[in-house]
Amino acid sequence: MTNYHLQENLAVSDSGFLFHASTGETFTVNETGKTIIKLLQQKKEKEEIFSEIEKEFDIEAGLLEKDYDDFINQLKNFSLIEGI
Amino acid sequence: MNIAVTGLNATDNPGPGIPVIRSLKDQKKFSGKITGLIYDSLEPGIYMDDLVDNYYLIPYPSSGLDNLLERISYIHKKEKLDLIIPTLDSELYGFVKLQPKLETLGIRTFLPTLEQLNIRGKDKLFDFCKANNINVPKNILIQSQNDLEKIEKQFKFPVVVKGIFYEAYIAQSFEEVLPYFNKLKTKWGYPIIIQEYIKGDEYNVVALGDGKGGTTGAVAMRKLYITDKGKGWAGITIKEKTLIDMAHQIIEKTKWCSGLELEFMKSKETGEFYLLEINPRLPAWVYLAPQAGQNLPAALVKLAYGKKVKPFTTYEIGKIFVRCSWDLITDIKKFETIATLGEW
């Protein structure tokens, strides 16, 4: 299973505003996205992230897997994340 | 202290004069006077109250340096200028040539040499970058109509067609090159520069060289909003060591004496930075630098006075500038006086 780490210099605010300090790019994410990013910043693995998300949000396991993969792909497309 | 500044044309293609003056006046200890040197009685900076103490029309550089010197001598007699900060590309060669005469009058400047100005010229930049291992888009100089055939042989389209002093256009095909070529040739003369088109995002650095190879400060910015004239209308300070290191390298190699702006493109394909231009003066967005912690115009003044300036090493990341349009309402008196007497 691939784990991911976020690019350095990526700041996320409590409102879900992302600022990539090296490129000047900015993004907004929803509550779930913000939680995932904060967990990735803490270098949590996928199972731990899923466990935290299931605790915090009302979401089916199957849907979580799909939405998580979609979100990770978006982060990859914006070069905000790398697989390790 | 009376500091004269040019470039008060705060238009949609703004000169750096107003942000330079705002930077100087932001210093808590600043108690000097500012004299605005203007080319037109409708330069918007004239009508910004409480920013400039007095204004004088000066002749365009194209009217000859003797005229310019005569006018500056007149202004100096009335105002006792201590320092002139020219901020426009088109006037720099003239002021650099006048530098010894200005010094004789007792007016300081802090300007690059003619050699330094030439090294970064659009027709010389490629060679400078190659000699110093700096990424630069491939380019060729078109010196005559006959050289046009080189374009299709040496480039893939699109290409950038640039005038020797100003203006650049993206041509998608050889047929599109021709009207741009003719327009630039008529306006600015030869050579016309054909440059490889790098697809990516624009980044800029404002920096100050101490004239001995040292960098007094450097701030990197990414443009967030670009007008249809290609001017940055909003930008944000960023943390990108590669850009700051390149600024230090360029200043060290050229022993740059003055402010400068570096324009980069970060290739979407390779992620590498390519140097597009070295502009030989502080840019119109320079007011972002003091707001982020590096008052480069104020440091330039200290260097011009021969003072030692401790180099800036950090700045605040994520500081944003956003330009705006704001109608200034003024009485006809000021306009009338400047238009008729050439001073206020």
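**Pockets and strand pairing in chain B**

The largest pocket holds about 1,600 Å³ of space. The model is predicted. In all, 50 residues line the largest pocket. Nearest its centre lie Glu167(B), Lys229(B), Gly230(B), Lys231(B) and Glu263(B). By class, the lining comprises 20 nonpolar, 14 polar and 16 charged residues.

Several elements of chain B each supply at least two residues of this lining. One of them is a helix, helix 3 (89-105). The strands include strand 6 (159-162), strand 7 (168-171) and strand 8 (192-196). Strand 9 (200-210) and strand 10 (215-226) also contribute. So do strand 12 (257-267) and strand 13 (273-279).

Of its 11 residues, 11 are buried, so strand 12 is largely enclosed by the rest of the structure. Cys257(B) illustrates the cut-off: its relative accessibility is 15%, and buried means under 20%, so Cys257(B) counts as buried.

Strand 12 of chain B pairs with strand 9 of chain B in the antiparallel sense, over 11 bridges. Within this pairing, Ala207(B) stands opposite Leu260(B) of strand 12. Strand 12 also runs antiparallel to strand 13 of chain B, and 6 bridges join the two. Here Phe264(B) stands opposite Leu275(B) of strand 13. Strands 12 and 13 of chain B form a hairpin, with 5 residues between them. In the turn, Gly271(B) has a positive phi of about 80°. In a regular strand, side chains alternate between the two faces of the sheet.

The second largest pocket has a volume of about 750 Å³. Its lining consists of 26 residues. Ala10(B), Arg22(B), Met48(B), Arg323(B) and Cys324(B) lie nearest the centre. Helix 1 (17-25), helix 9 (288-291) and strand 14 (320-322) of chain B each give two or more residues to this lining. By class, the lining of the second largest pocket has 17 nonpolar, 4 polar and 5 charged residues.

Cysteines were also considered. The count of disulfides over all chains is 0. Cys129(B) has a relative accessibility of 0% and therefore counts as buried. Cys324(B) is among the residues nearest the centre of the second largest pocket.

Conventions: Residues numbered from 1 in each chain as written. Chains lettered and ligands numbered in written order. Predicted model: local features only at pLDDT ≥ 70, side-chain atom pairs only at ≥ 80, totals over all residues. Heavy atoms only, no water. 1 Å grid on protein atoms, 1.4 Å probe; cavity = no way out; pocket = protein on both sides within 12 Å on 5 of 7 lines; lining within 4 Å. Points joined across faces, edges and corners; volume = space filled by probe spheres on them. Helix = DSSP H or I, 4+ residues; strand = E, 2+ residues; numbered from the N terminus. Nonpolar A, V, L, I, M, F, W, Y, C, P; charged D, E, K, R; others polar. Buried < 20%, exposed > 50% of the residue type's maximum accessible area, 1.4 Å probe, protein only. Pairing = 2+ DSSP bridges. Disulfide = S-S within 2.5 Å.
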